[in-house]
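Hi everyone, thanks for coming.

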Amino acid sequence: MTRGHRRVLALCVLLTLCALALGLAQPLLVSHAVDAAGRHGPPPWRDAGALAALVTAQAVMQAAGSYVLGRTGENIVLGLRTTLIGHLLRLPACDYQRHRLGDLLSRASTDTAALRTALATGCTDAVTGVIGLLGTLTLMAWLDLWLLATAAAVVAVLALTVLPALHLMRPAAETNQRVLGQMSAELERALSAIRTVRMSGATQRETDRITSHARQARAAGLRIARLNAVLMPASELALHAALTATVVVGAVRSAQGTASIADLAAFLLYLNYLSVPLTALVSAAALLQQASGAAGRIAETLAQPQEANSSRETQPAQAAAVPGTPALEFRDVWYGHDRNHSVLRGASFQLPPRGVTTLLGDSGSGKTTVLNLAARLHTPDSGRILFQGTDVAQLPMADYRRMVGLVEQHSPLLHGSVRDNLAYAAPEATDDDLWNVLELTGLATHIRTLPDGLHTMVGEHGTALSGGQRQRIAIARALAARPVLVLLDEPTAHLDPAAEGSVLAALQHIGQHCALLVVTHRETTMRRAASRLLLDNGVMRASCAGPRTGQLPVREDAGGVAPAPCQGGLAKRANGSGHR
Ligand SMILES: Nc1ncnc2c1ncn2[C@@H]1O[C@H](COP(=O)(O)OP(=O)(O)OP(=O)(O)O)[C@@H](O)[C@H]1O
C-alpha cells in the first residue's frame with residue numbers, strides 16, 4: 001500500500017529524525033551552559049544563542065515533516081481508494097448479492113481513512129519513535145548508567161502493567177469497523193426503499209434498527225477511548241515517576257560526588273525529552289492495532305477475484321459474422337444459483353441475427369437468468385454460449401459488452417441528465433443520435449417539452465420521471481450504443497397501451513438491424529415477435545403459436561424436444577438430453 005510513497009515517507013522520517021537530533025543536542029548545550037555558569041565565567045550567551053537556533057530549526061523541521069506526512073497520508077488513501085473502487089466495480093455480478101452494499105461502501109470510506117492514519121502517522125511514528133528512543137537512551141547511558149538503570153526500571157514496571165490494554169485495542173477496533181459497515185448497509189437498505197418504509201409505517205422501526213448499530217459502534221468507540229485514556233497518561237506517568245526516581249538517585253550520587261550537577265541536568269532533560277519517542281511509539285502501536293481491522297476488511301475485498309476478463313478495456317472488435325450465423329446460441333447450458341438447484345438444465349437455442357424473439361415461461365422459470373448468462377453477468381456451470389458463432393468465453397468482455405445491450409426489469413437510471421443516461425454506453429453519441437433513439441422509443445415529444453431538454457436532470461434513480469418514461473429511457477440507452485444483440489426483460493411491463501405500442505414498434509424497427517431477445521408476459525408483445533421461445537423446467541422449447549404464457553403449444557418428438565422454427569426462422573437445436 002505504501003509502494004510509490006516510500007521515498008516521501010523516508011523524507012518524513014528524515015525530517016522527523018533531524019528534528020529529533022536537534023532536540024537531542026539541546027540538553028548537551030544546557031549541560032555546557034550549566035557547567036560554564038558553575039565555573040563563575042561570563043554569562044553563556046553563545047550557548048543561549050545556539051540553543052535558540054536549535055529550537056527554531058527543530059520547530060521548522062517538525063512542521064515540514066508534519067505537512068509532508070499529512071500530504072503523503074492523503075496520497076496513500078487516494079491510491080488505496082482508487083484500487084478498491086476499481087476492484088469493487090469489477091467483482092462478478094453474483095458477488096454483489098452476497099455482500100451488503102452499505103458494507104462495501106464503508107470499506108471504501110471509513111476503512112481506508114483508518115488505514116491512512118495508521119500507514120502515514122503510525123508507521124512514521126513507529127520508525128522515529130524507535131530511533132529516537134535508542135538515540136536518547138544511548139546519550140543517557142553515556143551520561144550516567146546508574147541513573148539510566150533507575151529510570152528504565154520504573155518505566156519497565158509501568159509498561160508491563162499497561163501492555164494488556166494494547167492487546168485489547170485490536171478486537172475493539174475490529175468491532176467498531178464491522179458495526180459501522182453494518183450501519184451503512186442498514187441505512188442503504190432503508191434509504192433505497194424509503195417509500196416502502198414510510199408507507200409501511202416502518203420509519204421508527206428502521207430508525208431503531210440502524211441506531212442500534214450506531215450504539216454498538218459507540219460502545220466499541222468508548223472501549224477504544226477507555227484504552228487510549230489508560231495508555232497515554234500511563235506513558236506520561238511512567239516518565240514522571242522515572243523523573244522523580246532519577247532526581248532522588250541523582251541527588252544522592254551528586255552528594256556522594258559520583259555525578260556532576262551539569263550531567264544530572266542534562267540527564268533530566270533527556271528523560272523529559274524521552275516523552276517524545278515514547279508517546280510516538282505508544283500512539284503508533286495503538287493506531288496500528290486499530291487499523292488492523294480495517295486492513296483485514298480491505299484485504300478481504302481485494303482478495304476476491306474480479307469478473308473474468310473484466311480488466312481488459314480494448315477497442316471494440318469488428319463484428320464480422322458470416323451472414324446467417326445466429327446472433328446468440330446456447331448449447332446445452334446448465335446453470336444454478338446454488339449447487340443444489342439448477343435453473344437451466346441443458347438449455348439450447350439459437351437467436352436469428354435479426355428480429356424480435358420473445359422468451360416466455362412461468363415466473364421463476366429462469367428467464368432473467370438466461371438474459372444474465374447472455375450478458376455474461378453469470379457464467380454457465382457447463383455448456384457453451386456462442387455470439388455470432390464464437391464462444392463468448394473467447395471474447396474480451398469489454399468488446400462483448402459493447403455489442404450487447406441489456407434492459408433490466410427495473411432498469412436503474414443514474415443520477416444526472418437525460419443526456420448522461422442516454423449516452424452512458426455510447427459517450428461518443430451526438431445529440432442527433434440521442435434524439436433518434438428518443439423518437440424510436442416515443443419519448444422525444446415529452447423530452448422536447450422539458451425546459452432543459454436533453455439536459456434535464458432525472459433525479460436520484462430517475463425519480464423525476466414516471467415508471468414508463470424511465471423504462472423507455474433505459475431502452476433508448478441500450479439502443480444508443482447500436483448493439484448487435486439487445487436483451488430486454490419485461491420492457492413493456494410499466495407502459496400504457498399507447499406507450500407500449502410505440503416501444504413495440506421501435507423494437508420491430510430495430511429488429512431489422514439487430515437481434516432482440518425479449519422476456520415478456522404480455523400478449524401484445526408476444527404477438528409482434530417473429531419467433532418465440534418457451535423456458536420450461538430448465539430447458540428451452542420453441543413455439544409458433546399460443547395465446548398466453550404457460551399455455552404455449554410445444555412441439556416434441558420421440559427423442560426429446562425439437563424447437564420449431566416460427567415465422568422468422570428460429571433455432572433448431574434438440575434439447576432435453578443434457579447432463580450435469
Ligand atoms: N441471485 C440468486 N440467488 C439464488 N437464486 C436465485 C437468484 N436469482 C434468481 N434465483 C432463483 O432462480 C430462479 C429463476 O429466477 P429468474 O429471475 O431467472 O426467473 P424469471 O423466470 O425471470 O422470473 P420472473 O418471471 O418472475 O421474473 C428462481 O427460482 C429464483 O428464485
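**A strand and its neighbours**

Let's begin with confidence: the protein averages a pLDDT of 79, and 89% of the residues score at least 70. pLDDT is the predictor's confidence in each residue, from 0 to 100. Over residues 545–580 the pLDDT is below 50, and this stretch has 92 contacts in the model beyond near neighbours in sequence; contact means heavy atoms within 4.5 Å.

Some ground rules. This is a predicted model, where local features need pLDDT of at least 70 and side-chain atom pairs count only at pLDDT 80 or more, while totals for chains, interfaces and linings use all residues. Residues are numbered from 1 along each chain as its sequence is written, and side-chain values use heavy atoms, leaving out hydrogens and water.

Now, strand β8, residues 515–519. Helices (H or I, at least four residues) and strands (E, at least two) are DSSP runs, numbered from the N terminus. Why is β8 largely enclosed by the rest of the structure? Because 5 of its 5 residues are buried, meaning under 20% relative accessible area, with exposed over 50% and partly exposed in between (1.4 Å probe, protein chains only). Ala515, Leu517 and Val519 point one way from β8, and Leu516 and Val518 the other way.

Which strands pair with β8? Pairing takes at least two DSSP bridges between two strands. Strand β3 (residues 355–361) runs parallel to β8, joined by 5 bridges, with Val356 opposite Leu516. Strand β7 (residues 485–489) is also parallel to β8, with 5 bridges, and there Leu485 partners Ala515.
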